[in-house]
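Trainee: Could you walk me through reading a fold, feature by feature? I'd like the general idea, then the case at hand.

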Amino acid sequence: MITLLKKTTLLATAFGIFFGLTACSNNTKTSIQNTDTTASSTEANQDPIELLNVSYDVSRDFYKAYNEVFINHYLTNYPNTKIKIKQSHGGSSKQALSVKNGLQADIVTMNQGSDIELLADAKLVDGNWRHAFPNHAIPFTSTIVFLVREGNPKGIKDWNDLATSGIDIIIANPKTSGNGRYAFLGAYGYGLNAYHNDEAQTHAFVKALLSHVKVFENGGRAATTTFAQRGIGDVLITFENEANVIKSKFGNVDIIYPSYTVNAENPIAVVKSVTDNKGTTKAATEYLNHLYSDEAQELATKFFLRPSSPDILAKHADKFPVMTTFFPNDVFGDWASIMKTYFSDGGLYDKLAVQAQNQ
């Protein structure tokens with residue numbers, strides 16, 4: 001039962017940021033990018049500290065910029081060192097599985113708590129990871145919105161419009177992507193709210209919506225490529241920060257803010273099983289702590305992520321539309337319960353998706 005509504009303001013103005021959409025194809029693969037710097041020549045023979053940040057796909061542009069910010073900060077505090085940061089991006093849950101299966105991440109920056117809980121259960125991340133950093137290890141958040149063609153030719157205004165005939169939807173696959181899971185939970189939460197917690201009516205609504213999905217992509221950035229570059233679909237369901245970046249780059253789309261939608265967390269953790277072995281725990285911890293600094297929080301707003309800092313959020317209040325939102329845990333329980341009930345094999349998503357295909 002829906003127990004909590006949260007009014008929040010979220011960023012909706014455009015900011016010119018160029019990013020390579022083609023970096024992630026329809027078959028989303030883990031890729032690793034380097035951000036490098038070296039201290040003075042007197043330290044030329046010193047081995048650099050090397051960190052690998054394993055993250056979800058649509059975060060690549062923010063972290064590419066943040067790496068430069070952090071490197072400057074780190075070298076100011078530790079001038080006789082060298083540091084190198086690598087990035088790996090893909091669908092959030094696929095990334096978590098890669099780390100569980102041996103990818104040597106120092107840091108994980110995901111888009112849902114269950115992906116880090118998976119690593120905590122495997123003893124790769126400390127069990128108290130939510131208490132290791134401020135705001136329950138969530139430096140910023142986003143939400144789920146709709147991206148439509150310029151002028152909104154299909155007249156899409158809210159979730160219920162996505163369940164009507166003649167609408168082709170692009171979405172990330174909820175089985176492989178946190179982006180897709182939040183989209184599904186946003187639709188389901190809207191249904192519960194609209195139909196006064198009537199499960200049967202909510203199932204019928206979500207099933208109708210799923211029947212209009214044209215493409216289920218492996219990750220959020222692949223879904224962006226399909227919609228924005230390949231020109232497929234009438235509406236893309238995605239994170240607000242991704243929608244704003246697309247709009248700023250292409251300029252031929254509109255963002256639709258639904259009447260009731262889901263907040264998306266961006267939790268972080270140090271993979272201590274790796275960092276303790278490498279001797280990088282201190283640097284990895286500083287990397288994540290610096291996400292809460294004013295300069296990193298300001299940087300987050302430029303990439304359309306809502307900062308956790310109340311002061312910086314208030315500073316940018318004029319750029320953020322007021323929305324009625326909910327957090328998944330307030331409506332559906334903890335992430336372990338959400339994953340088991342909705343996204344496990346044979347779970348509710350699977351059942352509704354199969355029924356939708358048969359409509």
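Mentor: Let's start with strands: two strands count as paired if DSSP finds at least two bridges between them. Keep in mind that this is a predicted model. Here, strand β3 (residues 49–56) and strand β4 (residues 83–90) pair in the parallel sense, over 8 bridges.

Trainee: Which residue of β4 does Glu50 stand opposite?

Mentor: Glu50 faces Lys84 in β4.

Trainee: And how many of the 8 residues of β3 are buried?

Mentor: 6 of them, so β3 is mostly covered, taking buried as under 20% relative accessible area.

Trainee: Let me step back. What does the whole chain look like?

Mentor: There are 15 helices and 14 strands in the chain. Of its 359 residues, 57% are buried. Take the contacts between residues at least 6 apart in sequence: 79% of those join residues at least 24 apart.

Trainee: How should I think about a core?

Mentor: In soluble globular proteins, nonpolar side chains tend to be buried together. In this model the largest nonpolar core has 45 residues, and Trp159, Leu162, Phe184 and Leu210 touch the most other members. Helix α5 (residues 178–194) supplies the largest share of this core, 8 residues. There's also a second, separate core of 44 residues, with Leu51, Tyr287, Tyr292 and Leu299 among its members.

Trainee: Which residues does Leu162 touch, not counting residues up to four places away in sequence?

Mentor: Its partners are Phe146, Ile156, Ile167, Ile169, Leu209, His212, Val235 and Ile237.

Trainee: How do I read a pair of helices?

Mentor: Look at the axes, the crossing and then the residues that make the contact. The axes of helix α7 (residues 220–229) and helix α8 (residues 240–250) come within 11 Å and cross at roughly 35°. The crossing of α7 past α8 is right-handed. On the α7 side, the contact uses Gly220, Arg221, Thr224, Ala228 and Gln229, and α8 brings Glu242, Ile246 and Phe250. By type, the residues of this contact divide into 3 nonpolar, 3 polar and 2 charged.

Trainee: What's the idea for a helix and its buried residues?

Mentor: An α-helix has 3.6 residues a turn, so residues three or four places apart point the same way. Now try helix α3 (residues 113–121), where Ser114 is found. The buried residues of α3 are Gly113, Ser114, Asp115, Ile116, Leu119 and Ala120. They pack against α2 (92–100), β5 (107–109), α5, β12 (268–270) and α14 (335–343).

Trainee: Why does Ser114 count as buried?

Mentor: Ser114 counts as buried because its relative accessibility is 11%, with the cut-off at under 20%. Beyond its neighbours within four places in sequence, Ser114 is in contact with Trp335 and Met339.

Trainee: And which residue with a positive phi follows α3?

Mentor: That's Lys123, with phi near 65°.

How values were computed
Residues numbered from 1 in each chain as written. Predicted model: local features only at pLDDT ≥ 70, side-chain atom pairs only at ≥ 80, totals over all residues. Heavy atoms only, no water. Core = buried A, V, L, I, M, F, W, Y, C linked by side-chain atoms within 4.5 Å. Buried < 20%, exposed > 50% of the residue type's maximum accessible area, 1.4 Å probe, protein only. Helix = DSSP H or I, 4+ residues; strand = E, 2+ residues; numbered from the N terminus. Contact = heavy atoms within 4.5 Å. Axes fitted to C-alpha atoms, helices over the stretch in contact; angles between N-to-C directions. Left-handed = near helix turned anticlockwise from the far one by under 90°. Nonpolar A, V, L, I, M, F, W, Y, C, P; charged D, E, K, R; others polar.
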